[in-house]
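Dear colleague,

Please find below the structure that I am handing over to you. My findings follow after it.

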Amino acid sequence: MIESLPRREREVFEILCSLQEATAAAVRSAMIDPPTDSAVRTLLSRLVTKGLVEHRTANQAYVYSPAPQTDAMAQTALQRLVQTFFHGSAASAATALLGMEPRLDAGEIEAIQRMIDRARKEAE
């Protein structure tokens, strides 16, 4: 679904996924070459209508956040990224991601090791 969004809607959605929640003003300030306030609110309304974004009222302002089903969307987006930039190789993508992080904490290292162990078992 994300890939079928118009460019600006996708930009707004990605900003919200990154911020977890934000007002229209905060989304606008994070945009590249932002449109008017009204245009940002319209983009957010479209995303709400499509079920990708939710909102709540806080201090007389709407606070927007990605809808809960975004985990499945993140999986689809990641698969597209791996196909597009890593020729379908999850190992190449993982290596690139790990190279971006200068220091992993013990929990992250353990989680990665569990996935490697599971993949090794499944390959046997």
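**Findings**

From the N terminus on, the chain runs α-α-α-β-β-α-α-α, which amounts to six helices and two strands. Along the principal axes, the C-alpha atoms fill a box of roughly 55 × 30 × 25 Å.

Please note that this is a predicted model, in which local features need pLDDT of at least 70 and side-chain atom pairs count only at pLDDT 80 or more, while totals for chains, interfaces and linings use all residues. Residues are numbered from 1 along each chain as its sequence is written, and side-chain values use heavy atoms, with hydrogens and water left out.

Of the 124 residues, 23% count as buried (under 20% relative accessible area, with exposed over 50% and partly exposed in between; 1.4 Å probe, protein chains only). The accessible surface comes to about 8,800 Å², of which 54% belongs to carbon and sulfur atoms; areas come from the Shrake-Rupley method with a 1.4 Å probe, and for residues only the protein chains shown count as cover. Among contacts (heavy atoms within 4.5 Å) between residues at least 6 apart in sequence, 44% join residues at least 24 apart.

The largest nonpolar core has 18 residues, and Phe13 and Val27 have the most contacts inside it. Helix H1 (7-19), helix H2 (24-30) and helix H3 (37-49) each supply at least two residues of this core. Such a core is a set of buried Ala, Val, Leu, Ile, Met, Phe, Trp, Tyr and Cys residues joined through side-chain atoms within 4.5 Å.

Two residues may be of interest individually. Glutamate 11 lies in helix H1 and, at 14% relative accessibility, counts as buried. Leaving aside residues up to four places away in sequence, glutamate 11 touches Met31 and Ile32. Alanine 77, in helix H4 (residues 70-85), counts as partly exposed at 32% relative accessibility. The C-alpha atoms of alanine 77 and threonine 42 are separated by 24 Å, the two residues being 35 apart along the chain.

Yours sincerely

Conventions
Helix = DSSP H or I, 4+ residues; strand = E, 2+ residues; numbered from the N terminus.
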